[in-house]
There are 2 protein chains.
Amino acid sequence: MKEADIVVIGGNNAGHVAAEVARKYYKDAKIVLIRKEKVVLCPCGIPYIFGTLKSPEQAAYSDRYISEHNIDLIIDEVTSIDRDKRTITTLKGETIGYKKLVLATGSQAIVPPIPGVDLENVFVAKKDIDYLRGFLEALDKAKNVVTIGGGFIGVEFSDEFRKRGLDVTIIEMLPHCLQLVFDLEFCIMAENKLRQRGIKLMTNTRAKAIIGERKVEGVELADGEKIPADIVLLGIGMRPNTELAQKAGLKIGETRAIWVDEYGRTSDEDIFAVGDCAEKRSFFTGRPIPLGLASIATNEARVAAANLFGIRRKNMGAVGAFSTIIGDSGMGKVGLSEKEATDLGFEITTGETIISDKHPPAMPNSKEISMKLVFEKASKRILGAQIFGGSSVGEIVNILSVFIQKKMTAEEMALCQVGTHPAFTPAPPAYHFVTIAEEAA
Amino acid sequence: MKEADIVVIGGNNAGHVAAEVARKYYKDAKIVLIRKEKVVLCPCGIPYIFGTLKSPEQAAYSDRYISEHNIDLIIDEVTSIDRDKRTITTLKGETIGYKKLVLATGSQAIVPPIPGVDLENVFVAKKDIDYLRGFLEALDKAKNVVTIGGGFIGVEFSDEFRKRGLDVTIIEMLPHCLQLVFDLEFCIMAENKLRQRGIKLMTNTRAKAIIGERKVEGVELADGEKIPADIVLLGIGMRPNTELAQKAGLKIGETRAIWVDEYGRTSDEDIFAVGDCAEKRSFFTGRPIPLGLASIATNEARVAAANLFGIRRKNMGAVGAFSTIIGDSGMGKVGLSEKEATDLGFEITTGETIISDKHPPAMPNSKEISMKLVFEKASKRILGAQIFGGSSVGEIVNILSVFIQKKMTAEEMALCQVGTHPAFTPAPPAYHFVTIAEEAA
């Protein structure tokens with residue numbers, strides 16, 4: 001039987017960072033990382049395989065960190081955990097002893113219980129290179145694609161399908177795409193952009209069944225209408241992979257993810273869980289929230305890995321920072337939307353601006369940025385930000401994420417010193433969050 | 001005689017923001033803004049008139065804020081201040097009474113005391129639309145341009161001249177371009193880029209004279225060599241415009257700018273000074289530093305304007321956040337370089353990374369980002385950041401600026417939650433400042 005000090009199960013963002021950071025803290029530990037996949041795909045890169053990139057291989061992560069940090073990599077599937085003996089067993093029959101175990105088993109796409117989901121050419125966002133190769137081949141022969149679900153996954157894949165010249169329809173149950181995360185005005189900006197890109201949006205619409213004999217032929221809606229489709233993508237959401245943890249008797253949380261404390265420990269103090277498989281808590285309320293983001297996964301991995309043999313770090317809760325692209329427009333959010341903050345009972349005030357993302361606006365490729373900030377009314381502490389603009393959105397989200405994590409007020413933000421440059425930012429007197437914060441302060 | 005509550009002298013970044021923010025705090029005040037220029041040019045936009053933009057007009061600032069904030073605009077030049085009577089007098093002979101006066105008189109290019117600086121076709125970076133029109137016309141007839149000075153102004157103008165297909169040579173006294181602000185390795189990255197762009201660099205080289213009869217014909221170097229030139233740009237540096245303040249007997253500081261306290265007040269409590277004309281203090285040492293940046297100017301204006309009739313805000317000192325572009329490479333800095341920190345007596349530790357600014361690196365237009373962070377050794381508090389990369393550099397500088405202003409440590413930065421997206425940022429496990437901070441923590 002092999003013996004290791006630290007065993008990490010799962011090799012995507014969370015597992016990778018957990019192993020790498022564990023090495024930093026435990027120089028001499030024997031660290032084993034076990035994962036199913038020969039090739040690990042960058043999960044946020046998967047939609048881009050279908051238009052922007054040339055092949056699934058281009059979205060593969062490098063394994064360089066494995067040798068650089070002296071980690072033993074095993075390609076195998078863990079089938080059970082024996083908590084008493086502190087061992088795990090794999091599909092290939094190997095047993096490995098651990099002192100500390102890190103579960104980074106990730107998440108998988110939800111398949112909704114509607115007829116026809118088993119038909120050929122129904123796909124989900126699956127982190128499996130062979131599966132995605134098959135998906136690409138099917139797209140090569142397709143003309144009409146229907147995406148069920150207008151959340152991030154649905155929107156990102158649809159935008160990429162369009163880049164292949166396919167006819168794309170998004171079916172969304174709610175009145176608007178992206179409605180679970182953005183305030184209405186930002187959903188509308190996204191929808192306008194999607195329509196400009198030639199994507200057909202059917203909101204307030206429910207898919208009743210996927211139809212076809214062996215292969216997909218169409219989607220039947222709740223009202224009986226039938227939409228032709230050669231391919232259907234299910235973009236309903238993701239659910240945490242908890243089977244292994246459940247079999248081992250670990251506590252499962254309210255959001256059906258593996259329960260963890262603020263140090264990353266499961267109900268067994270020698271077993272940690274990080275990333276999509278682990279339950280997240282809101283930075284704002286401390287309550288469990290279902291939120292699968294790489295920004296959270298890597299953060300949890302840094303916390304848990306440092307705490308394996310003694311508590312050093314604490315998880316302060318997820319702020320939820322992310323960005324996406326639709327056509328050439330960037331879109332991002334961190335913290336709470338106005339609706340989310342209000343629903344949680346916060347008394348709030350908001351501020352908005354629209355400004356050119358370069359200056360003077362005559363600079364090439366300048367785009368308008370729309371920004372909305374949400375402040376707690378009495379303290380003027382920032383609770384959330386939503387942005388729609390150009391490519392600078394991706395890093396602007398991260399500035400605002402720092403403000404939120406440091407619980408900064410509008411007054412502090414108004415006095416923040418920000419560098420500006422014609423090619424990269426709005427003009428100094430009108431820099432977005434400073435002017436909004438000045439008005440709110 | 002006109003009477004005003006608040007008179008602002010100067011209408012560029014600092015004056016504009018001072019007037020706008022004064023209106024926010026003093027809803028009913030009569031606010032007069034006096035400036036010489038009919039059209040105000042965005043100062044950081046001026047280099048881009050010469051290649052990227054089509055005309056000086058495209059770099060003009062909008063005056064919309066004047067009417068939006070009910071500000072009285074007077075185009076005139078203030079010639080004297082009578083501090084006893086609390087009045088100013090203008091070139092056109094007008095006298096205006098003030099309760100509070102804000103000096104935002106800016107800066108002007110330094111003309112070095114070498115022979116030939118008065119020749120036709122010797123230019124400086126001057127915020128004057130007619131002057132710049134003449135400069136453009138002269139460039140249209142030119143073939144060889146020599147830039148004296150390899151700081152930001154010299155580098156930015158030279159890069160733009162090159163876009164017009166001109167032969168461009170930069171003459172720099174020091175061993176490297178940009179050496180006063182960046183550590184050696186970043187100077188070299190910039191120089192390599194400049195050379196790739198076809199710009200000739202002559203470092204360790206001193207211009208002895210500009211030669212020619214009536215018009216420029218060349219530049220004579222200290223060793224006697226003569227470089228042919230149809231145009232010479234002097235990019236030596238800027239000096240604060242303090243004549244008016246000096247004549248009024250206001251105290252001038254060590255850096256030859258108008259002395260101000262941490263609330264923006266000059267030695268006369270009814271007169272404030274903001275922007276390039278006002279003395280800056282270092283965020284790190286509290287000592288006067290010569291640093292003219294829009295990010296500092298607008299910040300000072302926000303502080304001073306709020307304090308006009310009662311102290312509300314304090315200037316915490318300049319961190320110095322800025323970015324620039326060379327060809328298609330972004331470059332930025334905030335806080336102290338390794339050299340600056342060491343020269344100031346800090347015991348430091350540094351960390352570096354090089355990472356693709358998009359992920360996977362196969363994403364279109366991805367570029368490498370090189371980042372170096374400087375931490376105080378004992379506390380691991382961040383003191384400075386230097387970055388060379390793509391267009392995201394402009395806003396990344398601002399994330400790092402917040403870390404510095406909030407005196408955050410490597411440990412806090414390592415646990416910062418950052419959103420990532422294939423089109424906009426590095427990959428989650430390798431995100432630049434998080435991984436450097438993790439290593440340093």
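Hi everyone. Let me start with a term we'll need: two strands count as paired if DSSP finds at least two bridges between them. Keep in mind, too, that what we're looking at is a predicted model.

With that in hand, look at chain B. Strand S5(B) and strand S6 of chain B, residues 87-90, are joined by four bridges and run antiparallel. Within that pair, Ile81(B) sits opposite Ile88(B) of S6(B).

Next, the two chains together. How is chain B related to chain A? A rotation of 180° with 0.0 Å of shift along its axis superposes chain B on chain A, with an RMSD of 0.0 Å. That is the relation of a two-fold axis. The same surface serves both copies, as 100% of the contact residues of chain B recur in chain A. If you'd like to find the axis on screen, go to Ile399(B): of the residues of chain B, its C-alpha comes closest, at 2.3 Å.

So what does the contact itself look like? Here 66 residues of chain B are in contact with 66 residues of chain A. On the chain B side, the elements giving two or more residues include helix H1 (13-25), helix H7 (294-307) and H9. H9(B) provides the largest share, 11 residues. Sorted by type, the chain B side has 36 nonpolar, 24 polar and six charged residues.

One helix is worth a stop. Is helix H11 of chain B, residues 432-440, buried or exposed? Eight of its nine residues are buried, so H11 is largely enclosed by the rest of the structure. Among those buried residues are His432(B), Phe433(B) and Glu438(B). And the cover comes from both chains: it includes helices H1 (13-25) and H7 (294-307) of chain A, together with strands S24 and S25 and helices H9 and H10 of chain B.

Last, the domains of chain A. The assignment gives domain 1 (2-107 + 239-307), domain 2 (122-236) and domain 3 (330-440). The centres of domains 1 and 2 of chain A, taken over C-alpha atoms, are 30 Å apart. Their contact takes 12 residues from domain 1 and 13 residues from domain 2. On the domain 1 side, nine are nonpolar, three are polar and none is charged.

Notes. Residues are numbered from 1 along each chain as its sequence is written. Chains are lettered from A and ligands numbered from 1 in the order in which they are written. This is a predicted model: local features need pLDDT of at least 70, side-chain atom pairs count only at pLDDT 80 or more; totals for chains, interfaces and linings use all residues. A residue is buried if 20 or more other C-beta atoms lie within 10 Å of its own, exposed if 12 or fewer, and partly exposed in between; C-beta atoms are placed from the backbone. Two residues are in contact if their C-beta atoms, placed from the backbone, lie within 7 Å. Copies are superposed by least squares on the C-alpha atoms of residues with pLDDT of at least 70 in both. Domain bounds come from an automatic or database domain assignment. Ala, Val, Leu, Ile, Met, Phe, Trp, Tyr, Cys and Pro count as nonpolar, Asp, Glu, Lys and Arg as charged, and the others, Gly among them, as polar.
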